[in-house]
Amino acid sequence: MHPGTSSTINVGVIGCGYWGPNLIRNFHEIPGARVPVVADLREDRLAHIKTMYPEVAITSDYRELLSPSVDAVIVATGVSSHYELARACLLHGKHVLVEKPLTTRSREAAELVELAERQSRILMVGHTFEYNPAVELLRDLVQSGEIGDVYYVNASRLNLGIFQKDINVVWDLAPHDISILLYVLGRQPMSVSARGSHFVQPGIHDVAYLTLHFPDHIFAHVHVSWLDPCKMRRITVVGSKKMVVYDDVESLEKIRIYDKGVNVLPHTDTFGDFQLSYRYGDISVPYIPLTEPLKIECTHFVECIREGKRPRSDGVAGFNVVRILEVAEKSLLNGGMAELLNGHARVEL
Ligand SMILES: NC(=O)c1ccc[n+]([C@@H]2O[C@H](COP(=O)([O-])OP(=O)(O)OC[C@H]3O[C@@H](n4cnc5c(N)ncnc54)[C@H](O)[C@@H]3O)[C@@H](O)[C@H]2O)c1
């Protein structure tokens with residue numbers, strides 16, 4: 001067991017709004033973990049948690065979670081408070097799981113990574129889709145070479161709402177797709193550009209199109225919107241050998257592998273002889289276990305604390321997503337100018 005942890009991991013949760021109760025439920029159910037105390041500024045949210053879990057202590061002051069009896073803290077508040085809360089928890093020697101996106105600034109994300117290292121504590125970010133068995137399969141298909149060279153990726157995350165008041169749609173929805181792209185492709189983008197508009201709330205973009213250029217001539221397009229009639233969470237990966245569609249709205253058949261493609265026939269002498277051959281093969285739908293991704297994520301956090309392991313979605317993964325969001329926002333405000341990124345996953349203070 002990692003030094004400084006008791007046999008049961010006591011997990012405090014800050015933020016009991018929409019997402020926090022899902023985290024509370026999961027940590028409540030994981031053997032070897034318990035939720036002794038939760039915090040929220042809103043009395044109605046605390047009362048809701050008390051109704052569901054009468055044994056859990058409630059407080060409006062998150063500092064009560066910094067007591068020695070708490071081993072780890074989950075930060076499930078809005079992004080503007082992530083840095084301050086996570087920093088306080090790390091300074092008090094807590095392991096910390098921060099919801100996505102890790103912070104509003106890459107500099108703050110880098111500081112948290114460095115602080116966690118210094119304190120020898122786990123810093124993990126809630127990139128839930130990295131724990132989704134369908135995304136895991138998509139990654140295997142890409143990284144095993146089964147779909148050949150990746151040509152491009154198209155991601156759409158659309159719905160009507162939920163409109164946020166303090167962040168735009170890029171900071172709200174794109175962290176999911178960006179974390180999936182980095183995880184599945186195993187690469188960092190070299191440049192990012194973004195275009196979008198704000199129709200409902202002045203100054204807060206509600207629709208955006210991001211383009212990310214990766215090494216090996218791979219490019220990815222991410223469309224995020226709070227202003228669309230249809231709920232869509234779909235990622236298409238087009239490779240030289242096969243094409244894959246991951247549809248997260250589908251309950252059972254989330255991944256479809258299309259053995260489709262197009263080849264340029266060799267041995268043509270002139271432009272007139274130029275021939276393409278289209279391949280229409282089978283469509284396969286692999287079995288994917290129906291495990292809740294958030295349960296896998298929360299279990300992984302507890303395992304990392306117990307075994308002193310680096311989380312899959314560690315602080316550096318959180319930093320990498322934040323720096324992409326940061327330059328995407330810059331591009332969005334500059335009319336879609338491409339912004340360059342250092343191609344390496346690294347943290348610069
Ligand atoms: N991983 C996922 O799939 C997923 C899904 C939804 C939301 N999220 C993330 O979860 C986080 C919370 O989102 P939400 O939709 O639940 O927001 P929300 O506004 O519904 O809830 C946030 C709660 O935090 C409380 N809060 C804010 N500052 C606080 C403080 N200093 N001390 C105590 N409580 C405080 C608020 O009162 C509120 O009840 C965000 O970072 C969001 O991006 C992640």
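Because the model is predicted, local features need pLDDT of at least 70 and side-chain atom pairs count only at pLDDT 80 or more, while totals for chains, interfaces and linings use all residues. Residues are numbered from 1 along each chain as its sequence is written.

The protein chain is assigned domain 1 (9-127 + 294-313) and domain 2 (130-292 + 324-340), with bounds that come from an automatic or database domain assignment. Taken over C-alpha atoms, the centres of domain 1 and domain 2 are separated by 30 Å. Where the two are in contact, which is to say where C-beta atoms placed from the backbone lie within 7 Å, domain 1 supplies 15 residues and domain 2 supplies 11 residues. On the side of domain 1 that touches domain 2, helix α7 (residues 293-307) gives the most, with 5 residues; helices (H or I, at least four residues) and strands (E, at least two) are DSSP runs, numbered from the N terminus.

In soluble globular proteins, nonpolar side chains tend to be buried together. A residue is called buried if 20 or more other C-beta atoms, placed from the backbone, lie within 10 Å of its own, exposed if 12 or fewer do, and partly exposed in between. A nonpolar core is then a set of buried Ala, Val, Leu, Ile, Met, Phe, Trp, Tyr and Cys residues joined through C-beta atoms within 7 Å. The largest such core here has 96 residues, and V13, I14, V96, L138, V170 and A328 have the most contacts inside it. Helix α6 (residues 169-185) gives the most to this core, with 12 residues, and the core draws at least three residues from each of domain 1 and domain 2. Leaving aside neighbours within four places in sequence, the contacts of V170 include A194, H205, L325 and A328.

Strand β15 (residues 276-284) lies largely in the open, because 0 of its 9 residues are buried. Strand β14 (residues 255-264) runs antiparallel to β15 and is joined to it by 7 bridges, where strands pair if DSSP finds at least two bridges between them. One of these links has V264 with L276 of β15 as its bridge partner.

Finally, 22 residues lie around the ligand, and G15, G17, Y18, W19 and E99 come nearest, a residue being near if its C-beta atom, placed from the backbone, lies within 6 Å.
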